[in-house]
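Thank you all for coming; I would like to take a few minutes to walk through one model with you, beginning with the chain as a whole and ending with a single residue.

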Amino acid sequence: MDLQGSDLQAPHMQGSRLALDPSSQAAFRNAVTRLEQTLVQEIESLSGNDLSQLREFNDRKSRGLLDLMRVTRSVGIEDLDGESIDRLKSLRAILDENQRVITNHLVAAREISDVLAQAMESVESDGTYSERIGRERKG
């Protein structure tokens, strides 16, 4: 199978039975599909600024990666059929989008944090609170 043009690298493995076992091919595709669904849901959630399920998405992604690793333990890229290769390429594209969306949220959080830190520093340095606190203690 020719994979030129894709970023997928063929691991050097022996003893693969996936090419001979259609149920293993299906298990691989199902694991990829479940992981894709989780990633797409997370992208939609983050794009809508809904951060309420981040922990759940993180747990689901971890389980999805574990499932995918279990299915692919003894699989070389050369063992995958065309549909499985397409699923893997799709997963790669979704992972790239997921990374982009998460990066955008992290950058925004950092910018907000910086603005808050600057505001706190300016409030502390202009004496606004120190004068008021001093008067309250005397009074």
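What follows goes from the overall fold to the details.

Please keep in mind that this is a predicted model, in which local features need pLDDT of at least 70 and side-chain atom pairs count only at pLDDT 80 or more, while totals for chains, interfaces and linings use all residues. Residues are numbered from 1 along each chain as its sequence is written, and side-chain values use heavy atoms, with hydrogens and water left out.

The protein chain has four helices and zero strands, where helices are DSSP runs of H or I with at least four residues, strands are E runs with at least two, and both are numbered from the N terminus. Of its 139 residues, 25% count as buried, meaning under 20% relative accessible area with a 1.4 Å probe and protein chains only. Among contacts with a separation of 6 or more, 82% join residues 24 or more positions apart, a contact being heavy atoms within 4.5 Å.

Turning to helix 1, residues 22-47, its 26 residues should span 38 Å at 1.5 Å a residue, and the end C-alpha atoms are 37 Å apart, which agrees; the expected span is 1.5 Å times one less than the number of residues. Just after helix 1, Asn-49 takes a positive phi of about 60°.

Finally, where does Asn-98 lie? Asn-98 belongs to helix 3, residues 82-125, and it counts as buried because its relative accessibility is 5%. Leaving aside residues up to four places away in sequence, Asn-98 touches Leu-39, Glu-42, Ile-43 and Lys-61.

Terms used
Buried means under 20% relative accessible area, exposed over 50%, partly exposed in between (1.4 Å probe, protein chains only).
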